[in-house]
Amino acid sequence: MTQSIRERILQTIVLTLTPVATDGAATVWRTPSVSITREQCPALVVFPESESLAERANDRVTRELTVRITALARAVPPAIAETHADALLCAAHAALMSDVNLGGLTLGVREVESEWEVDDADGVAASTSARYQITYRTLIADISIQA
């Protein structure tokens, strides 16, 4: 079955983040359908959020995919949850930005924004997220063909 360039980009992001997660004793999740449990933390979560069409020229279209990467951590004394989540997202950012063309699939990756959240849910939980805009090009008539 043929895959869209978007799907290939998302799979590449997950593959890129897997060694980072492993080094941080974490796991990588892609768009989980249920909340990440305490036992599944620390974790990196990849959420495709939206895609827009930036430009059309002849039979090609430039697309902008927004992806959110979230680092989740729980407080395990003496560590601080926010510090652990920040370190995990820092390593994920470095891995993602080390090849902004994602193996030739994209025209570029650009960080858009970040956000933080701390919650006292059965122990302190921290969430640190960064959004990235990923620009790529396909044919207008076939999103599985890179243009």
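Contact here means heavy atoms within 4.5 Å. The model is predicted: local features need pLDDT of at least 70, side-chain atom pairs count only at pLDDT 80 or more, and totals for chains, interfaces and linings use all residues. Residues are numbered from 1 along each chain as its sequence is written, and side-chain values use heavy atoms, with hydrogens and water left out. The chain has 2 helices and 5 strands, in the sequence order α-β-β-β-α-β-β.

**Overall build**

- Helices (H or I, at least four residues) and strands (E, at least two) are DSSP runs, numbered from the N terminus.
- Along the principal axes, the C-alpha atoms of the chain fill a box of roughly 60 × 30 × 30 Å.
- The chain has 147 residues, and 37% of them are buried; buried means under 20% relative accessible area, exposed over 50%, and partly exposed in between (1.4 Å probe, protein chains only).
- Of the contacts in the chain with a separation of 6 or more, 58% are between residues 24 or more positions apart.

**Strand pairing**

- Two strands pair if DSSP finds at least two bridges between them.
- β3 and β5 run antiparallel and are joined by 15 bridges; Thr66 has Gln133 in β5 as its bridge partner.
- β4 and β5 also pair in the antiparallel sense, over 12 bridges, and Val118 has Ala126 in β5 as its bridge partner.
- β5 is largely enclosed by the rest of the structure, because 13 of its 16 residues are buried.
- Arg74, in strand β3, counts as buried because its relative accessibility is 18%.
- The C-alpha atoms of Arg74 and Ala126 are separated by 6.3 Å, although the two are 52 residues apart along the chain.

**Nonpolar cores**

- A nonpolar core is a set of buried Ala, Val, Leu, Ile, Met, Phe, Trp, Tyr and Cys residues joined through side-chain atoms within 4.5 Å.
- The largest nonpolar core has 30 residues, and Ile9, Ile13, Leu44, Val67 and Ile69 have the most contacts inside it.
- At least two residues of this core come from each of α1 (5-23), β2 (43-57), β3 (60-74), α2 (81-97) and β5 (124-139).
- A second, separate core has 5 residues, including Ile36, Cys41, Ala43 and Val45.
- In soluble globular proteins, nonpolar side chains tend to be buried together.
- Neighbours within four places in sequence aside, Ile9 is in contact with Leu65, Leu102, Leu105, Thr106, Ile134 and Tyr136.

**Ile5 in helix α1**

- Ile5 is found in helix α1 and counts as buried because its relative accessibility is 0%.
- Neighbours within four places in sequence aside, Ile5 is in contact with Leu105, Tyr136, Thr138, Ile143, Ser144, Ile145 and Gln146.
- Ile5 and Thr106 are 101 residues apart in sequence, with a C-alpha to C-alpha distance of 8.9 Å.

**Largest pocket**

- On a 1 Å grid over the protein atoms alone, a pocket is an open set of points where a 1.4 Å probe fits, with protein on both sides within 12 Å along at least five of seven lines; lining residues have an atom within 4 Å of a point.
- The largest pocket has a volume of about 410 Å³, where volume is the space filled by probe spheres set on the grid points, which are joined across faces, edges and corners.
- Its lining has 21 residues, and those nearest the centre are Thr70, Leu72, Glu117, Ala126 and Ser127.
- β2, β3, β4 (108-120) and β5 each supply at least two lining residues, and β3 gives the largest share, 5 residues.
- By class, the lining has 12 nonpolar, 4 polar and 5 charged residues; Ala, Val, Leu, Ile, Met, Phe, Trp, Tyr, Cys and Pro count as nonpolar, Asp, Glu, Lys and Arg as charged, and the others, Gly among them, as polar.

**Backbone exceptions**

- Most residues other than glycine have a negative phi, and most peptide bonds are trans.
- Cys41 and Pro42 are joined by a cis peptide bond, with omega about 0°; Pro42 is in the loop between β1 (27-30) and β2.
- Thr31, in the loop between β1 and β2, has a positive phi near 45° and counts as partly exposed at 40% relative accessibility.
- Asn58, in the loop between β2 and β3, has a positive phi near 55° and counts as exposed at 80% relative accessibility.
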